[in-house]
Amino acid sequence: MQRVYFIGGGGIGMAALERYFLSQGTPVAAYDRTPSELTARLAGEGVAMSYDDDPAAIPPPFRSPEGTLVVFTPAVPAESAIMTFFRTGGFRMIKRSEALGIITDKSKALCFAGTHGKTTTSAMAAHILHTCSCGCNAFLGGILRNCGTNLLLAPASPWTVAEADEYDRSFHRLHPHIALVTATDPDHLDIYGTEEAYLESFAHFTSLIRPGGSLVVHTGLRLVPRTGPDVSVFTYSRDEGDFHAANVAFGDGTITFDFVHPGGHIAGIELGVPVDINIENAVGALAACWLTGALEPDAARRAMASFMGTERRFQFLLKQPAGGRVIIDDYAHHPDELRTSIASVRALYPGRHLTVAFQPHLYTRTRDFAQQFAEALSEADTVVLTDLYPAREQPIAGISSSTVFERVRSTDKHLVAKDDLVDWMKNRNFDILLACGAGDMSLLLPQVAAYYSE
């Protein structure tokens, strides 16, 4: 292998791999359908990025099957011209998940899986180990704001942190030393079809843990682990389990707690991102790190206090003083994530008026969970929905943002075209604005934040 070409190279999971190969001195080129802030960053770091689905846009050296590896994501349609060029040209082609599996198999992997929470929890774990003397490598599903990247490298460290994505059964390519499962609420039913098949995929994931390894499972999940006899199984949550939090205290914009583990506890953990859900995320991250045997109490305290979060995970874009306006961007795109995000804002700002702007993500997810989305959104004071983001999918007749909108109970609800959304927000006298979704609405929010910062 002399060079690597990425199809769908603008995805966050692909970005970590592109950065990895660049760090190894390997030439990297990529195609993605849509330019973004992330693709611009990657281009600046050395990726030869193109946005035309045309084989002529592929740099000449990458058109030779000799020495060229092609990494693709299943999100790219099979009929893509570039995909067809490589598939019919004798190139070695592997999925992103296979590439990640090959790389992480060289080390002891901490793999974080689950319907939601895995990005923040894995990022916390990476930041903790990075702060400890052992260090770690990390392939994350979000940009760690502490360092502005989703790839951490520590060649001398035996540990690698990886987000284990269940989409397209990608996490079945991994062989964890330590695995953690945050949640198994049904999702990606376009792939799995039924909740039972979804749960089966997680059960199979637990069977891939290496001998002598460990599994940490959130309490109360409908998951029957299929671990080998020499794999240890633990539970965790905020309030109970082998790993949990004790002496939780809220005050003056801070959250502190003691981390309880099977060998004792670490007192005085303070959250750098003081949101209620991050207590549980931190317990999971600390649990996985404790099982490595490399967790240092003082380093754990420093790491959690300094953790800035990942981009688009409950990220404050505006926080005016003295009870002024607040704008929060959150990646929540599943009903349970949306409900948790709204509850977190309510806990942070009790009694204040909450406007939630939501962009549904995927036709199939909107079809399958329209009622659940509507129920979650109905917990807000004001609701605004904008155009559905299709991502990899083709339209489904009768499915749109209106499918959710018409089920929302709130009388103060609005359906606003994405092109009109910035003006709507500028003219809306909102108090707290929570913008949720995995689509491209987030690209508009800096304009709104800048308007209210003037």
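**Labels and their grounds**

Tutor: Helix α8 is mostly covered, with 12 of its 15 residues buried. Keep in mind that this is a predicted model.

Student: Which residues of α8 are buried?

Tutor: N278, I279, N281, A282, V283, G284, A285, L286, A287, A288, C289 and L291.

Student: How do you know that the span of α8 is close to the expected one?

Tutor: Residues 277-291 make 15 residues, and α8 reaches 22 Å from its first C-alpha to its last. At 1.5 Å a residue, 21 Å is expected. The two values are close. Just after α8, G293 takes a positive phi of about 80°.

Student: What does α8 lie across?

Tutor: β13, β14 and β15. The helix runs at about 35° to β14.

Student: What makes β13 and β15 edge strands?

Tutor: The open sheet has 3 strands in the order β13-β14-β15, with antiparallel pairing. β13 (244-251) and β15 (264-270) each pair on one side only, and that makes them the edges. Neighbouring strands of this sheet are turned by 15° against each other on average, direction ignored.

Student: Why are β14 and β15 called paired?

Tutor: Pairing needs at least two bridges. Strand β14 (residues 254-261) is joined to β15 by 5 bridges, so the pair qualifies. The two run antiparallel. T256 stands opposite E270 in β15.

Student: What is the strand order in the sheet of 7 strands?

Tutor: β8-β7-β9-β6-β10-β11-β12, an open sheet with mixed pairing. Its edge strands are β8 (149-152) and β12 (232-236), as each pairs on one side only. On average, neighbouring strands here are turned by 15° against each other, direction ignored.

Student: How do you know that β10 and β11 pair?

Tutor: Count the bridges again. The cut-off is at least two, and 4 bridges join β10 (residues 178-181) to β11 (residues 214-218). The strands therefore count as paired, in the parallel sense. A179 stands opposite L215 in β11.

Student: Why is β19 said to be covered on both faces?

Tutor: In a regular strand the side chains alternate between the two faces of the sheet. In β19 (residues 382-385), T382 and V384 are on one side, V383 and L385 on the other. These four residues are all buried, so both faces are covered.

Student: Which strands pair with β19, and over how many bridges?

Tutor: Strand β18 (residues 354-358) runs parallel to β19, and 4 bridges join them. T355 stands opposite T382 in β19. From β18 the chain crosses through helix α11 (residues 363-377) to β19, and this β-α-β crossover is right-handed. Strand β20 (residues 413-415) also pairs with β19 in the parallel sense, over 3 bridges. In β20, K413 is the bridge partner of V383.

Student: Why is T366 called buried?

Tutor: T366 is in helix α11. Its relative accessibility is 1%, and the cut-off is under 20%, so T366 counts as buried.

Student: Is R312 buried or exposed, and why?

Tutor: R312 is in the loop between α9 (297-306) and β16 (315-319). At 15% relative accessibility, R312 is under the 20% cut-off, so R312 counts as buried. A polar atom of the R312 side chain lies 2.7 Å from the backbone oxygen of G437. Contacts of R312 outside its four-place neighbourhood in sequence include D329, D330, Y331 and G437.

Conventions
Residues numbered from 1 in each chain as written. Predicted model: local features only at pLDDT ≥ 70, side-chain atom pairs only at ≥ 80, totals over all residues. Heavy atoms only, no water. Buried < 20%, exposed > 50% of the residue type's maximum accessible area, 1.4 Å probe, protein only. Right-handed = clockwise from strand over helix to strand, strands pointing away. Axes fitted to C-alpha atoms, helices over the stretch in contact; angles between N-to-C directions. Polar contact = N/O pair within 3.5 Å; in protein donor to acceptor, adjacent residues only side chain to side chain. Contact = heavy atoms within 4.5 Å. Expected span 1.5 Å × (residues − 1). Lists of a residue's contacts leave out its neighbours within four places in sequence.
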